[in-house]
Amino acid sequence: MSLPKRPISQFQQLDTAVRVETPERIAFQYQVVGPFRRLMAYGLDICIVAMAFVGCCVAVILMFFLIAYLVPQLTGDFFSELVTSSVGVIAIIAALAFWFYGAVCETLRNGQTLGKQIANIRVLSTDGSAIDGVQAMIRNLFRFLDIMPFMPSAIFFVFDYFEDAYRLPLFLAGLICMVLSNKFQRIGDLMAGTMVVLVERDWAPELVTFSDPRVAKLAEMIPNDFVVSRSMAKALAGFVEATPRLGPDHSSEIASKLATPLKQAFGFPHDIDGTLLLCSLYFKTFSRFQSDEDPLSVSTSATLAQPTNVPPETDLPLAENSPTLVVAVPVEDINELPSGDRE
Amino acid sequence: MKVSEILDQRQPLWSELEKLCDRIGGSSKGARLPAADIARFSTLYRSACADLALAEAWQFPPKTVDYLHRLVARSHSQMYRAERYQWRTWSEKVFIDVPAAIFQDTAVHIAIVFFWVLFLASAFLAHDDQIWKGFAEDVLGSEAITQMESGFESFQGRSWGENNLMAGFYIINNGSIGLYCFVMMLFIVPGFITLGKNAVALGASFGVMLRGDSALASENFFNFVTAHGPLELTAIVLSAGAGLKIGISWWFTNGYRRIDNLKKTAIETIPVAMCAFCLFVLAAFVEGFISPHPKANVPWSFKAAVAVITSGMLMFYFVVLGYPRSILAGYFGRGDQ
């Protein structure tokens, strides 16, 4: 027993998930990262490089003082030459950092610069595998193209003083390319076959629990042969988890879209509250997760319902236990059950 | 069995995996983990993969499935880490693959011809000053020419501190020009404009100095540019040629998808671009520490010798090392024949 399915392929373009298949034959999803988080990471990297640069300058100045202290007979001319040399050396270090910081960091730190690590993002190949040194080099060299065009310095009088030396990059080339690409790839990413994904830790998964006893009672009345499809399970969980944030009227209105055909399918009276029905279905689906052929080989005394997509038996270790994390969602706003249905 | 019970059983394992991911982190620390931890990490990762398959198949709540997706993704990127630079492979690339690729690369040939034709034509027009009256002034500007001449007239070498400073400046300046030529060639026309502008400006400068309006400036100019000229001009042409190869791959796909051909060519081209970068650095050091010395300190013949040696090394690298081995085998025969 199931409801007719509706195609959802038309909505898939809206998702930012990229599916990757591992050598273990498991498919999982990465969330690709948009331009703003990446810009933040780039800004952090620039700050880190700038701080290192300032640190370098301070170290050089301290070195001069140390030399002057240790060798007092040195002349002013020598110091003047030393200072001039140091400017050249620092300029080389700054240029090398600007050109190669990203490539070296991403290769040695598994796809992350320090800024990316703080922003919880990582560079990967588009097939989900880790990048190599050549890919890191390509995507960072072509950043020079991504940051174009430069803002004409004449727009800001303050920059006129420096003429063309300090033009502001607008990042438009990279931004337009990212907007047009379905994996938010800039020109460098397209050239290197890379993408930037989120590596954030998620919160520990929790189940919604219900304090209202009517939920469990109504769940028992739902036919055992009713099969909840994956898309419906997703919709159910999304709805139940959002219920505390919705007002009762709004909640009922949203619930009615699914509850009305369900009531017809189950042969329930029309005056049963839609929110209550969906909470009961959630309870039956997730909290009374049962099977005639339990894939986890754990005995249960509850009544069992066979899902459609039963996986092969697994031999996962099940010996360990820990306290359960649950979120209690009160369902106090829903209507009373019809008296005929109550025990 | 209830989902909540399954979560109770699995969460300690998932937390342990999260902690191991934190320990491995973004750096190379993973390689220094004890063997037992690495083995445990592998076990937990595979267990999480199985949990994800189970969660998807058995309609676990979407939040649990999302959590497992992220956990598996995070662990996967720690399990299969970025490849380091393989220096052994790179030495083979530098001394065998790259010279061979450059020698046979049509894009590099086109860039060489384009650059040198414009350079020589511009030098000729600036030197002759009859066919195109005031060509050098049109290209460089009268003020810049006067500034260049007066600068070289009064040029008496630099102190060691200034040499260090200028070496840094040359690396940044020349490296930026090379990088600019390389990336602009992706769109071919802007790349040719950039390369052409550099060729015409450099050619016009040489032409003006050859004209000899100021004998002293002319003498100092050639005394300055002789040593580093071959390295610097080769580096510019090479970086443009590498970029042009990527630009051409955009149009002529050899049966590949356009984007795939672009990626493939970019990977092939990076060693050539790095070769150009090394030449820029080498040129900057010669320009910073050998070129500026006046004749009294370092004779012109020494600088000419540097130019000859560097040119010889370049010829050896590009022609001798780059000459196709199949043709060489045809000339000298093979051991089994």
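The views below come from a predicted model.

**View 1. Helix 9 and helix 11 of chain B pack against each other.** Helix 9 covers residues 189-211 of chain B, and helix 11 covers residues 229-251. Their axes are 11 Å apart and form an angle of about 165 degrees. Helix 9 of chain B and helix 11 of chain B are therefore roughly antiparallel. Their crossing is left-handed. On the helix 9 side, the residues that meet helix 11 are B:Gly191, B:Leu195 and B:Asn198. On the helix 11 side, the partners are B:Ile236, B:Ala240, B:Gly243, B:Leu244 and B:Gly247. Sorted by class, this contact holds four nonpolar and four polar residues, and no charged ones.

**View 2. Helix 5 of chain B crosses helix 11 of chain B.** The two axes come within 8 Å and cross at roughly 130 degrees. That angle makes helix 5 of chain B oblique to helix 11 of chain B. The crossing is right-handed. Helix 5 contributes B:Ala107, B:Val108, B:Ile110, B:Ala111, B:Ile112 and B:Phe115. These meet B:Val237, B:Leu238, B:Ala240, B:Gly241, B:Leu244, B:Lys245 and B:Ile248 in helix 11. By class, the contact of helix 5 with helix 11 in chain B has 11 nonpolar residues, one polar residue and one charged residue.

**View 3. Helix 5 of chain B is shown along residues 106-128.** At 1.5 Å a residue, its 23 residues should span 33 Å, and the end C-alpha atoms are 32 Å apart, which agrees. Buried residues of helix 5 in chain B include B:Ala107, B:Val108, B:Ala111 and B:Phe115. Further buried residues of this helix are B:Leu118, B:Phe119, B:Ser122, B:Ala123, B:Leu125 and B:Ala126. An α-helix has 3.6 residues a turn, so residues three or four places apart point the same way. Just after helix 5 of chain B, B:Asp129 takes a positive phi of about 60 degrees.

**View 4. Helix 3 of chain B runs over residues 62-79.** Its 18 residues should span 26 Å at 1.5 Å a residue; the end C-alpha atoms are 25 Å apart, in agreement with that value. Of the 18 residues in helix 3 of chain B, 15 are buried, so this helix is largely enclosed by the rest of the structure.

**View 5. B:Ser150 lies in helix 7 of chain B.** Helix 7 covers residues 142-153. B:Ser150 has 12 other C-beta atoms within 10 Å and is exposed. The C-alpha atoms of B:Ser150 and B:Leu216 are separated by 9.5 Å, although these residues are 66 residues apart along the chain.

**View 6. A:Pro35 lies in helix 1 of chain A.** This helix covers residues 35-70. A:Pro35 counts as partly exposed, with 17 C-beta neighbours inside 10 Å. Leaving aside neighbours within four places in sequence, A:Pro35 is in contact with A:Leu175, A:Met178 and A:Phe184. Among contacts in chain A with a separation of 6 or more, 64% join residues 24 or more positions apart.

Notes. Residues numbered from 1 in each chain as written. Chains lettered and ligands numbered in written order. Predicted model: local features only at pLDDT ≥ 70, side-chain atom pairs only at ≥ 80, totals over all residues. Axes fitted to C-alpha atoms, helices over the stretch in contact; angles between N-to-C directions. Helix = DSSP H or I, 4+ residues; strand = E, 2+ residues; numbered from the N terminus. Parallel < 35°, antiparallel > 145°, perpendicular 65-115°, else oblique. Left-handed = near helix turned anticlockwise from the far one by under 90°. Contact = placed C-beta atoms within 7 Å. Nonpolar A, V, L, I, M, F, W, Y, C, P; charged D, E, K, R; others polar. Expected span 1.5 Å × (residues − 1). Buried ≥ 20, exposed ≤ 12 C-beta atoms within 10 Å, placed from the backbone.
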